[in-house]
Amino acid sequence: MTEKIEQRLSELGISLPATTSPSANYVSARRLGNQIYISGQVPSAGGKDTYTGKLGSDFSVEEGQMAARLCAINILAQLKQALDGNLDRVVGVIRLGGFVNAEPDFRDHPKVINGASDLMVEVFGEAGRHARAAVGCSSLPRNVPVEVDAIFEVN
């Protein structure tokens, strides 16, 4: 039987990638009661950074949104692994934290992180609506333009 969220991902043309292990002394996901915290995910695919550079000089808002969407896809992959493969156990998305590697005069951080937020609503519907932060910073690991972390309510 096809799971509801897997079916929705298929309809959206999204295939979740294999997860990667953290590159330092932390875990990718941590469960506390009915919440799962997903560590910051960057826009990588196949073990390689898909985007590198800054918003406002190297990337447009629209390109930043695509990078944030890829971060969200990687979040879902980590979440699926943490839930033993069953994304239908997600009750809702509690919060996304978005970090945007941007030039000092860049002002559209929230628009960039919309790429991740919009995907959560596309996948989970009303349960995908969440609290959020969108923060600009002067650099991110490996010069990626976006990093996103998440908290989910699960059963």
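Axes are taken here as lines fitted to C-alpha atoms, for helices over the stretch in contact, with angles running from 0 to 180 degrees between N-to-C directions. The structure is a predicted model, in which local features need pLDDT of at least 70 and side-chain atom pairs count only at pLDDT 80 or more, while totals for chains, interfaces and linings use all residues. Residues are numbered from 1 along each chain as its sequence is written, and side-chain values use heavy atoms, with hydrogens and water left out.

Helices (H or I, at least four residues) and strands (E, at least two) are DSSP runs numbered from the N terminus. The axes of helix H1 (residues 4-11) and helix H3 (residues 109-124) come within 8 Å and cross at roughly 120 degrees. H1 is therefore oblique to H3; angles under 35 degrees count as roughly parallel, over 145 as roughly antiparallel, 65 to 115 as roughly perpendicular and the rest as oblique. In contact (heavy atoms within 4.5 Å) are Ile-5, Arg-8 and Leu-9 of H1 with Glu-122, Val-123 and Phe-124 of H3. The residues of this contact comprise 4 nonpolar, no polar and 2 charged, where Ala, Val, Leu, Ile, Met, Phe, Trp, Tyr, Cys and Pro count as nonpolar, Asp, Glu, Lys and Arg as charged, and the others, Gly among them, as polar.

Most residues other than glycine have a negative phi. Asp-84, although not a glycine, has a positive phi of about 55 degrees. Asp-84 lies in the loop between helix H2 (61-82) and strand E5 (90-101) and is exposed, at 70% relative accessibility. Asn-143 also has a positive phi, near 65 degrees, and is placed in the loop between strand E6 (131-137) and strand E7 (146-154). With a relative accessible area of 36%, Asn-143 is partly exposed (buried means under 20% relative accessible area, exposed over 50%, partly exposed in between; 1.4 Å probe, protein chains only).
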